Amino acid sequence: MLLLKTPSVLPGFKISLGLTVLCLSLLVVLPFAMMTVKAGEIGWTAFWQTISEPNVLAAVWLTLRMSFYAMLTNIVFGTLVAWVLVRYEFPGKSIANALVDLPFALPTAVTGIALATLYAPNGWLGRWFEPLGIKIAFTPIGIWIALVVVSLPFIVRAVQPVLEELSGEYEEAAATLGANRFTTFRRVLLPEIAPALLTGAGMMFARATGEYGSVIFIAGNIPMVSEILPLVITGKLEQFDVQGASAVALFMLMISFVILFLLNIGQWALSKRAGAKV
C-alpha cells in the first residue's frame, strides 16, 4: 500500500529551510567555528594562561559588571519609556518614539564621541560634576552611561508591543478594586511583560558585552581600571597575536552564551507559568 504524502500548507518549505541553514552556517556557525579552531591551536595550557592574565580578567569583570548594571537600568527606564509611549498621548510623541531608535541609526563612534564631549571634565555636563569630585568620562561610570544609551532600544522595543496588546482596562479595573500603582504593576503588568522583558534584557546584555565604538572614546582605557574586553582583543590583534585574541573572544563568547542560556530558561519558565494560568 502506497503512503500518500500530505502536502505542506506552506509551499517551499524545503528550499526555505535549506536557505535558512545555509545563511546561518555561513554567517554564524562558520565564523565561530573558525574562532574556536584558531584558539585551539595554542593548546589548553596556553589558552588558560591567556584568559587568566590579570588585565584580561579585569577587563572581563568590568565588561560583565557594567553590562549588568546597564541591563538593570534599562529594565527600569526602558519599561517606563515603553509604558509612556503606549499609554499616553502627548505633543511630540512621534518624535520621542523615533528618538528611541536613534542609537541604532547612529554609528557607534558618533555616539561615543558625543558622550565623551558631553561628560568630559570640560564638557557641558561634566564641568558641573568636576567641582564635586565626580568624574564621569574616562571612568567605569562613563562606560555604564554609554552602554545604557546604545542598548535602551532593546528593552523598549521588546516591551512596547506587549503593552499595546494589553488593554488599559485591566489597569483601570485594578485601580477600581483599590490597588495602588505599584500593586497594579506587580500583579497586572509585570506577569504579562516579563517574558518580553527577559528577551530584551538578554539581547541588550549580549550587545553591551561586545560594544566597542561607543565605549572606546569615553572609557579612558586604563588597564585594570577602565579597559574593556573588546579593547583587549583589539590590542592583541594589533600585536599580531591572533590566537590570543581568539582565545579571549572565545572565553567571552562562552560567558555570554551561559548568561543568555540562563535568561532563555527564565523566559521559558515564565511563559510556561503564564500558559498554565490561562
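Two aromatic rings, of Phe, Tyr or Trp, are taken as a pair if their centres lie within 6.5 Å. In this predicted model, ring pairs of this kind join Trp-44, Phe-47 and Trp-48 into a cluster. Six aromatic pairs are found in a search of the whole structure.

One of these is formed by Phe-104 and Phe-154, whose ring centres are 5.1 Å apart with 80° between the planes, an edge-to-face arrangement. This pair links distant parts of the chain, 50 residues apart: Phe-104 belongs to helix α5 (residues 102–105) and Phe-154 to helix α8 (residues 140–165). Phe-104 is partly exposed, at a relative accessible area of 41%, whereas Phe-154 has a value of 16% and is buried.

A further pair consists of Phe-257 and Phe-261, which is stacked because the planes meet at 20°, with the ring centres 6.4 Å apart. Both residues lie in helix α13 (residues 242–277), four residues apart, and are thus separated by about one helical turn. Phe-257 is exposed, with a relative accessible area of 57%, while Phe-261, at 46%, counts as partly exposed.

An unreviewed UniProt entry annotates transmembrane regions at residues 12–34, 66–86, 98–120, 132–156, 212–233 and 245–263.

How values were computed:
Residues are numbered from 1 along each chain as its sequence is written. This is a predicted model: local features need pLDDT of at least 70, side-chain atom pairs count only at pLDDT 80 or more; totals for chains, interfaces and linings use all residues. Side-chain values use heavy atoms; hydrogens and water are left out. UniProt positions are given in the numbering used here, feature names are shortened, and annotations may be inferred rather than shown by experiment. Rings of Phe, Tyr and Trp (its six-membered ring) pair if their centres lie within 6.5 Å; planes under 30 degrees apart count as stacked, over 60 as edge-to-face and the rest as tilted. Helices (H or I, at least four residues) and strands (E, at least two) are DSSP runs, numbered from the N terminus. Buried means under 20% relative accessible area, exposed over 50%, partly exposed in between (1.4 Å probe, protein chains only).
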